[in-house]
Amino acid sequence: MTLDGEALEQLRKRARAGGADKYHAANAAKGKLFARERVALLVDEGSFVEDGLYANALAEGLPADGVVTGTATIDGRPVCLMANDSTVKAGSWGARTVEKIIRIIERAYQTSVPMVYLVDSAGARITDQVDLFPGRRGAGKIFWNQVRASGSIPQVCALFGPSAAGGAYIPAFCDVVAMVDGNASMYLGSDRMVEMVTGEKTTLEAMGGAKVHCAESGVGHFLCQSEADALDVVKRYLSYLPANWKQAPPAVEPVPASEKVDLAALVPASERQAFDMRRYVKGLLDDGSFFEIQALWAKELTIGFGRLNGEVVGVVGNNSMFKGGVLFVDSADKATRFVQLCDAFNVPLLFLSDVPGFMVGSAVEKQGIIRHGAKMITAISEATVPKICVVVRKAYGAGLYAMAGPGFEPDATIALPTAKIAVMGAEAAVNAVYANKIAAISDEAERAAFVAAKREEYERDIDIVRLASELVIDAIVEPHELRAELVRRFAAARTKDRHFSRRRHGVTPV
């Protein structure tokens with residue numbers, strides 16, 4: 001076929017227009033943007049270079065085969081991206097769709113730049129399954145490439161509609177997923193399929209909606225109220241990370257910490273009184289720099305990126321406002337993944353400990369708390385980026401280990417004057433050791449005096465000055481000194497040797 005200029009322009013116009021007007025109108029009614037509008041909002045103006053525009057150009061009703069792929073810049077930094085076009089067969093995958101996605105991930109990996117996924121897809125076209133599903137360049141190759149790229153380049157997903165069946169694994173293999181409330185969903189089988197196979201009657205929203213995945217399953221990381229919010233999450237996430245695993249995270253001009261948070265006043269003297277570790281983090285880092293991840297899931301642990309004197313750090317902090325800050329199965333998984341993310345992309349780790357330990361009891365044992373705790377401790381052990389443990393108030397039991405305590409080669413273990421480190425708290429310890437003796441004292445006043453004396457004895461045994469004198473603690477600092485102390489110590493650790501073990505890889509207790 002020979003094309004003149006006008007014919008070529010018409011071909012381009014049809015390919016860029018997407019599906020029929022009725023599908024554009026249906027999406028607009030749901031508050032959904034056209035795929036190309038999403039790309040335009042995300043990337044720097046005029047920077048997008050498209051690949052595969054004419055995929056399936058000879059077929060009827062399949063412009064670009066339902067996916068937009070190419071390269072661009074975001075805030076001046078190169079990225080590769082794909083965007084499902086849900087006006088074309090509901091964004092479903094054909095053979096050319098799959099090939100385009102594979103090629104753009106391969107390019108991102110080969111050029112060592114971040115990969116962005118703008119997902120809105122009903123999954124594979126069953127009519128095309130032989131062409132797209134089983135082969136060496138079939139859909140499985142998408143996931144193989146994502147796994148190969150994981151930890152080598154940042155991969156971030158914004159989910160605007162469904163991500164169905166096998167396609168649900170595209171978000172799952174990304175570092176983080178931003179989901180638009182009300183429209184985004186992830187599921188392996190549709191509600192109709194679930195009812196047919198299991199008899200369960202459900203809906204896509206109840207089974208795999210944005211709230212479910214951001215607050216219950218943990219597959220989603222950010223619950224967004226609009227598509228613009230989700231795109232902003234993508235931009236902000238990438239702003240904290242290097243382009244690839246060989247580079248350092250981008251530094252910015254330092255900003256002082258907020259003067260609205262008094263770190264000393266924020267931490268109650270009584271262990272029984274909760275405080276919000278998120279406020280503590282915001283009062284410690286550069287003002288406005290904290291970017292919390294998975295804020296709605298496993299809230300007993302707070303994680304996220306921030307900056308100290310302009311330099312990126314990853315924060316892991318126990319939050320006693322939720323479940324007393326005790327570590328559960330989900331919070332262990334949450335920490336594990338975030339620590340691995342930071343270690344992959346050279347982001348120093350700051351642990352803020354106020355942890356009573358891991359949860360106990362038959363329910364969590366059946367859930368595998370030991371296995372999940374071991375997974376978290378494995379990630380802490382294997383992380384070779386600079387890491388500093390700050391005992392804000394307490395670090396009890398295996399919680400000390402999970403928060404990068406002295407045995408896990410942190411670059412420093414710092415204690416605040418409020419800090420306590422022990423196998424367990426004084427009250428639990430006295431009850432464990434002297435339970436029978438306490439029960440045998442019939443006089444209430446005598447019993448109270450005995451317990452108080454034993455608690456005081458226990459507190460002396462775990463005195464923070466004693467631990468510092470025995471070099472368990474590297475420094476005791478006042479709250480107003482902590483930020484400057486951390487800035488100096490992270491700067492000193494920046495050039496540390498990062499070798500860990502003589503091996504190919506460990507056997508993770510997943």
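User: How far apart are the end C-alpha atoms over residues 256-505?
Analyst: Over this stretch the chain is 43% helix and 18% strand. Helices (H or I, at least four residues) and strands (E, at least two) are DSSP runs, numbered from the N terminus. The end C-alpha atoms of residues 256-505 are separated by 41 Å.

User: What pLDDT do local features need in this predicted model?
Analyst: Residues are numbered from 1 along each chain as its sequence is written, and side-chain values use heavy atoms, leaving out hydrogens and water. Totals for chains, interfaces and linings use all residues of this predicted model, side-chain atom pairs count only at pLDDT 80 or more, and local features need pLDDT of at least 70.

User: Which feature does UniProt list for residues 256-505?
Analyst: The entry is unreviewed. UniProt annotations may be inferred rather than shown by experiment. For residues 256-505 the record gives "domain: CoA carboxyltransferase C-terminal".

User: Are helix 4 and helix 6 roughly parallel or roughly antiparallel?
Analyst: The axes of helix 4 (residues 95-111) and helix 6 (residues 140-149) come within 9 Å and cross at roughly 15°. Axes are lines fitted to C-alpha atoms, for helices over the stretch in contact, with angles from 0 to 180 degrees between N-to-C directions. Angles under 35 degrees count as roughly parallel, over 145 as roughly antiparallel, 65 to 115 as roughly perpendicular and the rest as oblique. Helix 4 and helix 6 are therefore roughly parallel.

User: Which hand has the crossing of helix 4 and helix 6, and how do the contact residues divide by class?
Analyst: Helix 4 brings V98, I101, I102, I105, E106 and Y109, and helix 6 brings K141, I142, N145, Q146, R148 and A149; contact means heavy atoms within 4.5 Å. Ala, Val, Leu, Ile, Met, Phe, Trp, Tyr, Cys and Pro count as nonpolar, Asp, Glu, Lys and Arg as charged, and the others, Gly among them, as polar. The residues divide into seven nonpolar, two polar and three charged.

User: At what angle do helix 18 and helix 19 cross, and which hand has the crossing?
Analyst: The axes of helix 18 (residues 426-440) and helix 19 (residues 444-461) come within 10 Å. They cross at roughly 135°, which means helix 18 is oblique to helix 19. The crossing of helix 18 and helix 19 is right-handed.

User: Is Q294 buried or exposed?
Analyst: Q294 lies in the loop between strand 9 (291-293) and strand 10 (301-308). Its phi is positive, near 55°, though Q294 is not a glycine. Buried means under 20% relative accessible area, exposed over 50%, partly exposed in between (1.4 Å probe, protein chains only). At 5%, Q294 is therefore buried.

User: What is the relative accessible area of N309?
Analyst: N309 is in the loop between strand 10 and strand 11 (311-318), and has a positive phi of about 55° without being a glycine. N309 is partly exposed, with a relative accessible area of 37%.

User: Which residues does P417 touch?
Analyst: P417 sits in the loop between strand 14 (412-415) and strand 15 (420-422). P417 is partly exposed, at 43% relative accessibility. Not counting residues up to four places away in sequence, P417 touches I476, V477, E478 and P479.

Note on methods. A crossing is left-handed if the near helix is turned anticlockwise from the far one by less than a right angle, and right-handed if clockwise.
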